[in-house]
Amino acid sequence: PYHSYNYILRFFNEAAIDPFVKEIWVSLYRVAANSHIVNALMSAAKNGKKVTVFVELKARFDEANNLRWSKKMKAAGIRIINSIPGLKVHAKIALVKREEEKKVLYYSFLATGNFNEATSRFYTDHVLFTVNKDISEELQQLFLYLQTRMQPGDYGKLKFQHLLVSQFNMVKQFRKKIEREISHAKAGLPAHIIIKLNNLQEREMISSLYEASNAGVKIQLLVRSICCLD
């Protein structure tokens, strides 16, 4: 089931040299010590493309590495947006704007893993490449929010219909999806929940999963680290 990470490296390398690519947005959490992706982003900026990178400086054990890369990227002409105080951004997302035959197309990238070619060899991560217009529009909204460096409550409500974004709609939407499976189970329909995540500590989510299990929903959890549900 595993694929080469070279496809992702190729995506950024080609975006950096493609004359039709005009803008690139990326959020970085943990990158390799000698990151090919960051080098591609710096090449893109030097090639005249508008590159904006959100860097999470609170990435545990990688704070110094992220600071070092931030300085290098800024020197290369990349617009750097650093951490939002009191909020840790785990999103691994990218958006590439490309002009094609007199129209603009957005390539969206959403991943569970870091933009890190070194750690990709050890972890099982999922990646979605898409040109879906609804997703790209919401991804733009998310990048515009990150540029403000504001707290979610201060920024105002963002209406995400396709993306699940922490502190905006994630818990609410997860709850709705769990309730759907509960209603299916009570109606005698197939009801199944599979969740893959690093940690499971959210009390409301745990209570909802217990409720679903008691209602007859089949639940499978793939938890990498801390799990407060037994």
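Colleague: Let's begin with D18: does that residue count as buried or exposed?

Modeller: Bear in mind throughout that this is a predicted model. In it, D18 has a relative accessibility of 15%, and because the cut-off for buried is under 20%, D18 counts as buried.

Colleague: Which side chain does D18 meet in a salt bridge?

Modeller: The partner is R98, with a distance of 2.6 Å from N to O. R98 belongs to strand β4, residues 92-100, whereas D18 sits in the loop between α1 (6-17) and β1 (21-28), so the pair ties together parts that are 80 residues apart in sequence. There is also a network here, in which salt bridges that share partners join D18, R98 and E100.

Colleague: How many salt bridges are there by this rule?

Modeller: The count comes to 9 salt bridges. One of them is formed by K58 and E56, whose closest N and O atoms are 3.0 Å apart, and another brings together the side chains of R180 and E181 at 3.1 Å, N to O.

Colleague: Back to K58 and E56 for a moment, how accessible is each of them?

Modeller: K58 is partly exposed at 29% relative accessibility, while E56 is buried, with a relative accessible area of 0%. As for the other pair, R180 is partly exposed with a relative accessible area of 43%, and E181 is buried at 7%.

Colleague: Changing topic, which residues have the most contacts inside the largest nonpolar core?

Modeller: That core has 32 residues, and those with the most contacts inside it are F12, I24, L41, V53, M73, I78 and F115. As background, nonpolar side chains tend to be buried together in soluble globular proteins.

Colleague: And which helix gives the most to this core?

Modeller: The largest nonpolar core gets the most from α2, which supplies 7 residues. At least two residues each come from α1, β1, α2 (36-46), β2 (50-55), α3 (63-75), β4 and β5 (103-111).

Colleague: What is L41 in contact with, leaving aside its neighbours within four places in sequence?

Modeller: With those neighbours set aside, L41 is in contact with F12, I24, V26, V51, V53 and I78. Apart from this core lies another one, of 21 residues, and F54, L95, L142 and F168 are among them.

Colleague: What about I37, where is its place?

Modeller: I37 is in helix α2, and with a relative accessible area of 1% the residue is buried. Beyond its neighbours within four places in sequence, I37 is in contact with Y5, I8, L9, F12, F115 and E117.

Colleague: One more thing, what is phi of E101 near?

Modeller: Phi of E101 is near 50 degrees, which is a positive value in a residue other than glycine. E101 lies in the loop between β4 and β5, and at 78% relative accessibility the residue counts as exposed.

Colleague: Where is the place of Q167?

Modeller: Q167 is in the loop between α5 (152-155) and α6 (170-186). Although Q167 is not a glycine, its phi is positive, at about 70 degrees. Q167 is exposed, with a relative accessible area of 54%.

Notes. Residues numbered from 1 in each chain as written. Heavy atoms only, no water. Salt bridge = Lys/Arg side-chain N within 4 Å of Asp/Glu carboxyl O. Helix = DSSP H or I, 4+ residues; strand = E, 2+ residues; numbered from the N terminus. Buried < 20%, exposed > 50% of the residue type's maximum accessible area, 1.4 Å probe, protein only. Core = buried A, V, L, I, M, F, W, Y, C linked by side-chain atoms within 4.5 Å. Contact = heavy atoms within 4.5 Å.
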